[in-house]
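Please examine the protein shown here.

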Amino acid sequence: MRRTKKYQFTQKDKTGAVKDCGYMIYDSVDDESAELRFYGDICSATWISKYFEEDKCPQDVADFLAELTTESGGHKKLDVYVNSGGGDVFGGLAIYSILARYPGEKIAHIDGIAASIAGIIPFACDKVVAPKYAQIMLHKPWSGCWGNANDFKKAIEALNTAEQSIINVYKAHAVNGTTEDKIKSMIDRETWLTAEQAAEYFAIELLDAEPVAACVSDSYKRYINTPEALLKISESTQQPEPPIPQEGEAINNRKRKLQMSLDVLKLLK
């Protein structure tokens with residue numbers, strides 16, 4: 001029997017008051033298994049992901065996995081479903097590490113799109129399965145910067161390090177003699193692959209399945225080589241924008257995600 005539970009996360013502010021800071025929907029298929037879905041953007045902090053349940057940050061995933069114990073004290077089998085256009089590179093790398101450490105059996109399902117940093121998350125699992133029509137995209141990580149030449153140098157170094165981390169993940173799951181240089185060349189030119197094409201380079205098990213709904217994330221619309229057919233599907237299934245959250249003043253989700261990137265860059269100084 002499927003059971004759905006909503007976990008509400010809280011934290012104390014500077015005054016000691018406890019405030020809500022996000023939530024995650026937990027699907028327990030039975031007492032031995034569970035499901036985790038990445039159907040929105042990848043972000044870095046709960047104060048971003050709390051407004052949209054589809055978005056996920058590392059703390060969300062860590063708190064979720066901490067709940068997955070069986071009655072006997074073991075760890076539940078976990079099915080991870082990915083249909084995301086990407087998001088914050090540092091958040092995605094952290095999520096990959098957190099998932100990789102989870103000791104239970106993990107199977108990743110690429111339902112539709114695994115683009116940008118969302119593309120490495122499935123490989124944290126023991127097995128990756130995908131229908132032939134699914135899309136996977138590799139590209140160089142993005143960032144923003146301000147300040148003097150030293151600040152820009154630090155930003156470049158951080159981006160290069162993040163890119164090498166991404167290359168290392170794909171290399172660890174490469175097949176058919178796929179080299180690091182080949183992976184780097186795909187990243188350099190922003191490469192979109194169907195799952196059938198990606199299976200020639202990486203450990204992906206192909207499935208025959210019917211198409212799923214379009215990705216709720218819109219990150220992939222910013223990329224350079226996004227397939228035209230994918231953009232048309234998105235436009236035909238576009239849903240109205242959700243209400244703007246209120247917290248003192250109206251601040252929309254895009255501004256919050258931009259601020260997230262700026263906060264990361266401040267840490268690099």
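This is a predicted model: local features need pLDDT of at least 70, side-chain atom pairs count only at pLDDT 80 or more; totals for chains, interfaces and linings use all residues.

Residues are numbered from 1 along each chain as its sequence is written, and side-chain values use heavy atoms, with hydrogens and water left out.

**The whole chain**

- The protein chain contains 8 helices and 11 strands; helices (H or I, at least four residues) and strands (E, at least two) are DSSP runs, numbered from the N terminus.
- Of the 269 residues in the protein chain, 46% are buried, where buried means under 20% relative accessible area, exposed over 50%, and partly exposed in between (1.4 Å probe, protein chains only).
- Among contacts (heavy atoms within 4.5 Å) in the protein chain between residues at least 6 apart in sequence, 67% join residues at least 24 apart.
- The protein chain exposes about 14000 Å², and carbon and sulfur atoms supply 51% of this area; accessible areas come from the Shrake-Rupley method with a 1.4 Å probe, and for residues only the protein chains shown count as cover.

**Helix 4 and helix 5**

- The axes of helix 4 (residues 149-172) and helix 5 (residues 180-188) come within 10 Å and cross at roughly 125°. Helix 4 is therefore oblique to helix 5. Angles under 35 degrees count as roughly parallel, over 145 as roughly antiparallel, 65 to 115 as roughly perpendicular and the rest as oblique.
- The axes are lines fitted to C-alpha atoms, for helices over the stretch in contact, and angles run from 0 to 180 degrees between N-to-C directions.
- Residues of helix 4 that take part in the meeting with helix 5 include Glu 163, Ile 167 and Lys 171. On the side of helix 5, the residues include Glu 180, Ile 183 and Asp 188.

**Thr 191**

- Thr 191 belongs to strand 8 (residues 191-194), and it counts as buried because its relative accessibility is 8%.
- A polar atom of the Thr 191 side chain lies 2.7 Å from the backbone oxygen of Met 186.
- Leaving aside neighbours within four places in sequence, Thr 191 is in contact with Ile 136, Met 137, Leu 138 and Met 186.

**Lys 77**

- Lys 77 lies in strand 4 (residues 77-84) and counts as partly exposed, because its relative accessibility is 31%.
- Lys 77 and Pro 103 are 26 residues apart in sequence, and their C-alpha atoms are 9.2 Å apart in space.
- Not counting residues up to four places away in sequence, Lys 77 touches Glu 32, Ser 33, Ala 34, Glu 105 and Ile 107.

Conventions: A polar contact is a pair of N or O atoms within 3.5 Å; within protein, one must be able to donate a hydrogen and the other to accept it, and residues adjacent in sequence count only if both atoms are side-chain atoms.
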